[in-house]
Amino acid sequence: MLATAIIMFREVLEASLIIAIVLGASRGIENRGRWVASGAMLGLMGAAIVALLANAASTEFSGNAQALLNATVLLGAVAMLTWHNVWMSAHGRQLSSEVKAVGSDVESGQRPMAALMLITLAAVMREGSEAVLFLWAIATGGEQGASMLIGGLGGVISGILVGMLLYLGLLRIPTRHFFGVTSWLILLLAAGLAAQAAGFLNQVGLLPSLGNSIWNTSGILSQNSLFGQFLHVLIGYIARPSGIQVVFYLGTFASIFLLMRTYGGNRKKKASL
Amino acid sequence: MRLILSLLAGAALLNNAAQAADEVTLTVDHQKFTPAQFSIPAGVKTKIVIRNQDSVPVEFESYDLSREIIVPGHGETTIYVGPLESGNYQFFNDFDHDMKGSITVKAKGN
């Protein structure tokens, strides 16, 4: 039962942390809850479909399809996080000064509502399909099914709780630092997801690995450990990365950072004129 | 964009050309990987066929190799690893962390 709880906790944790960061970062945007919730619902539906497909087909193609789908979902999330962050760096200041005004409306610019929804969808779908398959496996697994299902449910709830704690923690950050902190979180998150996507693209054979142990810190901080997994989700920690993963991480980091500088900078100039 | 796509396609072709691959079959039976330990040569792309004889799905995962793949119950999936540098690479079933194994990659001539 405990083992089941831990596995489900791990599956839920990534999605939960991502949603917490996105919800925190989009504080002050009207109706964001609705968009995130619909993303989560769509993500669950997608997860069920992926789980069915993964369990039905059984060929080399299906293996590649799984990895390609994972890479696509991850890169989609990276693109949406980029959009969100760039938008925020252009409008965040404005938002933070109005964040307490009820019904405040930020004019100009396409709001990243679809981005919020798609990030949530991607996070839930990716981890959710594994969770669904796992739960299905234990539910049909016989004798201990019931107690394991309870364990699994406990794992899901604790995973969501950790996300809520992170969210509440984010809300306690003083307003003037708030958007700075959340945009850094999203920047690191996006870079980490891009590195994961690179792993999948290499798995399919679309990208070379460029060396498979650029460093190996498994002995110091294993990705299997809870803290290791935490850092894996939050900042993209990989204990033993391949070259292509490092390239994707740094490339994504630099691209988003430059985009934020460009758009954020323009905005400030305009405001001072 | 088109350039990136053609580069990707080129990389895929190269990869396929290099697939004069060694092959290993990894069987899942009674919640165990068999063989739990095996060796492959360094610097060679290796095909691993994962054959699941249990009724429950497993997720073959390796942080060391950055590989992650679901194998359905009574199903079979193929992945490629490498070319790898010599060393030890751990793998496990993400749905059951007690189920694990490792690949030893040996330099040629050893």
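Colleague: How many residues does the contact take from chain B and from chain A?

Modeller: Two residues are in contact if their C-beta atoms, placed from the backbone, lie within 7 Å. Here the contact takes 28 residues from chain A and 24 residues from chain B. This is a predicted model, in which local features need pLDDT of at least 70 and side-chain atom pairs count only at pLDDT 80 or more, while totals for chains, interfaces and linings use all residues. Residues are numbered from 1 along each chain as its sequence is written, and chains are lettered from A in the order in which they are written.

Colleague: Which element gives the most to the side of chain B that touches chain A?

Modeller: Helices (H or I, at least four residues) and strands (E, at least two) are DSSP runs, numbered from the N terminus. On that side of chain B, S7(B) gives the most, with 5 residues.

Colleague: Is A:Glu14 buried or exposed?

Modeller: A residue is buried if 20 or more other C-beta atoms lie within 10 Å of its own, exposed if 12 or fewer, and partly exposed in between. A:Glu14 counts as buried because it has 23 C-beta neighbours inside 10 Å. A:Glu14 lies in helix H1 (residues 2-25) of chain A. Beyond residues up to four places away in sequence, A:Glu14 touches A:Ala123, A:Glu127 and A:Val233.

Colleague: Which residues does A:Ile119 contact, leaving aside its neighbours within four places in sequence?

Modeller: With those neighbours left aside, the contacts of A:Ile119 are A:Ile18, A:Val22, A:Gly39, A:Ala77, A:Met80 and A:Leu81.
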